[in-house]
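Have the viewer open as you read.

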Amino acid sequence: MSLFATDSSLMETAIGSWSPPPSAGLPADVLANLLPQLVADALLRGHVRSAAMTFEQAASLLPFDHPAMQTARQLLDHCAATDAALQQRQIAGEMVIIPSLTESAPGIPRFHVGVTETELAHPAVVAFLQAEQETGAQAELRNFLEQALLDADRYIDLDPGVGAGVLSALSLASGPVVAVPGDDTLRALLARNAPQVAGAERRSGSPVQFAADIAEACATVTAERTVIHLGDLPVSTIAMYAAAWHAYPIAFAWDASDASVAQYAQQELEQFGASSFVMAEDEEGLTLSPFREGCGATTAFALTESFIDSLGGA
């Protein structure tokens, strides 16, 4: 599915309210159609006990191996496993656990960030906590990854901060993830949280490759599809490398909050064969629209022609 299509399927429909709750009186075929969404809706609202009771009621009408029962069971198991893991981490590490604003399933945060009391004073952590409580830290980047990142894609974060983009990428794909942490504190924080992300268990060794600097991270770029997060780093930091990537399927995510800097970044990336876009939301969902100065977006995405062509199969 192309990100450029104005198609409502680009964004999952929000789970609606269901009333009244299911009962043993519902026909089995009707219950089978409703069950996964009923359980998901209850979990979304934090009603875990209600979700479990719904599943138990359905068990009297549907066989346990029914696809609807299996989907509902997976949602409940995932919720229970997440709760248990968080509880263990809080007891063992005395950490503050911050759930992701984005979700991997209704009611299930895509990832959690465990922060120690010492780390709470770090400026990047303070900024992350504030942003995550409002619109979500690096929200536009995470929305883009949700829509565009394919399973085998490479993700390189040159300005990861606390690592919201890195943790999102880990939960969405199994390709290599490379990060250049800002300092030792942020590196330790990200290294501790990365293995806990759903999907990270599919990787061998550490789920994140930490590069010492931008040059080392850029050296990992291949001809495979890659998303590179520049953050608020100037485009000049990758200029010597990007010239060789002209034909590669690469998406650059960069800070567009400063209008004068954004205009320069757009022009520089155009020289590397990349066209700039922003994530725009309308009644049809989230799509990529051409970047225009003063559009209000905090993050823009410069896509090479090869990356744009590859979106047709996304």
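## Cores

Start with a term: a nonpolar core is a set of buried Ala, Val, Leu, Ile, Met, Phe, Trp, Tyr and Cys residues joined through side-chain atoms within 4.5 Å. Buried here means under 20% relative accessible area, exposed means over 50%, and partly exposed is in between (1.4 Å probe, protein chains only). The largest such core has 41 residues, and Phe144 and Leu303 have the most contacts inside it. Helix 6 (residues 164–172) gives the most to this core, with five residues. There's also a second, separate core of 28 residues, and Cys218, Val235, Phe252 and Ala262 are among its members.

## Ground rules and overall picture

Keep in mind that this is a predicted model: local features need pLDDT of at least 70, side-chain atom pairs count only at pLDDT 80 or more, and totals for chains, interfaces and linings use all residues. Residues are numbered from 1 along each chain as its sequence is written, and side-chain values use heavy atoms, with hydrogens and water left out.

The protein has 11 helices and 12 strands; these are DSSP runs numbered from the N terminus (helices H or I, at least four residues; strands E, at least two). Of its 314 residues, 45% are buried. Take the contacts (heavy atoms within 4.5 Å) with a separation of 6 or more: 65% of them join residues 24 or more positions apart. The accessible surface, from the Shrake-Rupley method with a 1.4 Å probe and, for residues, only the protein chains shown as cover, comes to about 14900 Å², and carbon and sulfur atoms account for 52% of that.

## Salt bridges

Side chains of opposite charge can pair when their charged atoms come close. Counting a salt bridge as a side-chain nitrogen of Lys or Arg within 4 Å of a carboxyl oxygen of Asp or Glu, the whole structure has four. One of them joins arginine 192 to glutamate 119, with the closest N and O atoms 2.7 Å apart. That pair spans 73 residues, from helix 7 (residues 184–193) for arginine 192 to the loop between strand 4 (112–115) and helix 4 (123–133) for glutamate 119. Arginine 192 is partly exposed at 27% relative accessibility, while glutamate 119 is buried at 7%.

Glutamate 132 and arginine 142 make another salt bridge, at 2.8 Å from N to O. Glutamate 132 is in helix 4 and arginine 142 in helix 5 (residues 139–148), so the pair ties together parts 10 residues apart in sequence. Both residues, glutamate 132 and arginine 142, are buried. Then there's aspartate 153 with arginine 225, whose closest N and O atoms are 2.8 Å apart. Here a loop between helix 5 and strand 5 (154–157) is linked to one between helix 8 (214–218) and strand 8 (226–231), 72 residues apart. Aspartate 153 and arginine 225 are both buried too.

## Serine 100

Which residues does the side chain of serine 100 meet in polar contacts? A polar contact is a pair of N or O atoms within 3.5 Å; within protein, one must be able to donate a hydrogen and the other to accept it, and residues adjacent in sequence count only if both atoms are side-chain atoms. Serine 100 pairs this way with the side chains of threonine 102 (2.7 Å) and arginine 142 (2.9 Å). Serine 100 lies in the loop between strand 1 (96–99) and strand 2 (103–105) and is buried, at 6% relative accessible area. Leaving aside neighbours within four places in sequence, its contacts include Glu132 and Arg142.
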